[in-house]
Amino acid sequence: MESDHLSDEELIRKFQEGDEGAFQELVERFRVPLYNFILRMLGDPSLAEDVLQDTFFRLWTSRHSYREIARFSTWIYTIAGNLAKSELRRQKVRRWFSLGIGGGGGGQRDEDQFRWEVADESADIQQELEQRTIRKRVEEEIRRLPLIFREVIILRDLQELPYEEISKILRIPLGTVKSRVNRGRARLKRRLKDLL
Amino acid sequence: MIDCSRFEELFHQWRHGKLGEREIEELRQHQESCPFCRRYDELTDNVRFFLKEQLPVAYPSFRINRALYRSPLYSFERVGNRAETKSSGSWRVLGFGLATGLAVGALLVFFKREVPESRTLNPVPTAPSITQKTPQEPANIALKEKEADSLPSSQKTYPLVPPYSLDPHSQMVSSPSGK
């Protein structure tokens, strides 16, 4: 594809000028990292897909509000992070109101949780089950972290974004990002002591 | 001088014996100058790579990919199931709560109406309240006062004062001294 060698910033500029192909290239580049970011924040694949769709919808509708003062990835991660946080707030309210009605599908939830996992055909069932149990535990421990630690851990350790960019995405000082990452990791280390 | 992100990458490589002398020196210099990375190995390095190892990259489903790649005019029709999730829990409870509230309200209104009617059907004889105000024409009151003034002091009547009556004109009784 012709736009393969273009930077994200050049692509968004082309998209602002009306090139829909540039939009599709941006979708191609960011759909997987953004999906992973949102999924780890929310812990629910179908909700993560909804928020991912909302993120690209925002990109489509607000493309002219992007200014080249920040990297495009910073901008799109900020949008996705804000939408994910709104969804978390909504979930909290919903949980408060629902009193467990309609939320009892534990089996379904487990099924959803593992829907996106890639099965390893070579491993035997026992090993796969163990692996799943560990993975589930790790996911739970990440979700149990307070939001301020969770978001930096996901962005740094799973998305592997540089500290400077995380600082811009979350609009917090660089030192705060570093200290939150360290504190978040230390908490996880304490909680996952038996697995490490 | 390397930054913290680079430090973390190099540190991992160093652990696996993949670094040259110059890079190891850079690592050491950074660790000496940076308070966050000084205890990196001790605190967090294994957590970071454990997470990465345990949580592989996830991919969105085919239907969402199809929706995203289609023309944006069509692609932003909701393909997820968030709407269903919303209606399944909280809205049902809210609706139930609202209906219950309305039913209770209607019952209260109904009983409020019923109570006075039942009293008229089964009247209970009670002594008239001394606080009950008797309607009197202002002219009558003036006339009564005039008559009372013309009486000899032994036959004069005095109005009760609170706490016997809240209204001085509601009831006239003989003066205690008049007997």
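Biologist: What share of the contacts in chain A with a separation of 6 or more comes from residues 24 or more positions apart?

Modeller: Those residues account for 62%. A contact here means heavy atoms within 4.5 Å. In chain B, 46% of the contacts between residues at least 6 apart in sequence join residues at least 24 apart.

Biologist: What do these values rest on?

Modeller: On a predicted model, in which local features need pLDDT of at least 70 and side-chain atom pairs count only at pLDDT 80 or more, while totals for chains, interfaces and linings use all residues. Residues are numbered from 1 along each chain as its sequence is written, chains are lettered from A and ligands numbered from 1 in the order in which they are written, and side-chain values use heavy atoms, without hydrogens and water.

Biologist: How many helices and strands does each chain have?

Modeller: Chain A has 9 helices and 0 strands, whereas chain B has 8 helices and 2 strands. A helix is a DSSP run of H or I with at least four residues, and a strand is a run of E with at least two, numbered from the N terminus. In chain B, the elements run α-α-α-α-α-α-α-α-β-β from the N terminus on.

Biologist: Why is A:Gln159 called buried?

Modeller: Its relative accessibility is 14%. Buried means under 20% relative accessible area, exposed over 50% and partly exposed in between, with a 1.4 Å probe and protein chains only, so A:Gln159 counts as buried. The residue lies in the loop between helix H7 (147–158) and helix H8 (163–170) of chain A.

Biologist: What does the side chain of A:Gln159 reach?

Modeller: The backbone oxygen of A:Pro33, at 3.4 Å. A polar contact is a pair of N or O atoms within 3.5 Å, one able to donate a hydrogen and the other to accept it; residues adjacent in sequence count only if both atoms are side-chain atoms. Neighbours within four places in sequence aside, A:Gln159 is in contact with residues including A:Asn36, A:Phe37 and A:Tyr77.

Biologist: How exposed is A:Glu160, and where does it lie?

Modeller: A:Glu160 also sits in the loop between H7 and H8 of chain A. Its relative accessible area is 42%, so A:Glu160 is partly exposed. Phi of A:Glu160 is near 55 degrees, a positive value in a residue other than glycine.

Biologist: What makes H8(A) mostly covered?

Modeller: Of its 8 residues, 6 are buried. They are A:Tyr163, A:Glu165, A:Ile166, A:Ser167, A:Ile169 and A:Leu170.

Biologist: What comes just after H8(A)?

Modeller: A:Arg171, with a positive phi of about 55 degrees. A:Arg171 has a relative accessible area of 68%, so it is exposed. Its place is in the loop between H8 and helix H9 (174–191) of chain A.

Biologist: Which class does B:Arg28 fall into?

Modeller: At 40% relative accessible area, B:Arg28 is partly exposed. B:Arg28 belongs to helix H2 (residues 21–33) of chain B.

Biologist: What joins the side chains of B:Arg28 and B:Glu25?

Modeller: A polar contact of 2.5 Å.

Biologist: Which residues touch the most other members of the largest nonpolar core?

Modeller: A:Phe56, A:Leu59, A:Phe72 and B:Leu51, in a core of 70 residues. Helix H2 (residues 20–42) of chain A gives the largest share of this core, 12 residues. Such a core is a set of buried Ala, Val, Leu, Ile, Met, Phe, Trp, Tyr and Cys residues joined through side-chain atoms within 4.5 Å. Setting aside neighbours within four places in sequence, B:Leu51 is in contact with chain A residues, among them A:Val138, A:Ile142 and A:Leu188.

Biologist: How many cavities of 30 Å³ or more are found?

Modeller: The search of the whole structure finds 2. On a 1 Å grid over the protein atoms alone, a cavity is a set of points where a 1.4 Å probe fits but cannot get out, and lining residues have an atom within 4 Å of a point.

Biologist: What share of each chain is buried?

Modeller: In chain A, 51% of the 196 residues count as buried. In chain B, buried residues make up 23% of the 179.

Technical notes. On a 1 Å grid over the protein atoms alone, a cavity is a set of points where a 1.4 Å probe fits but cannot get out, and a pocket is an open set with protein on both sides within 12 Å along at least five of seven lines; lining residues have an atom within 4 Å of a point. Grid points are joined across faces, edges and corners, and a volume is the space filled by probe spheres set on the points.
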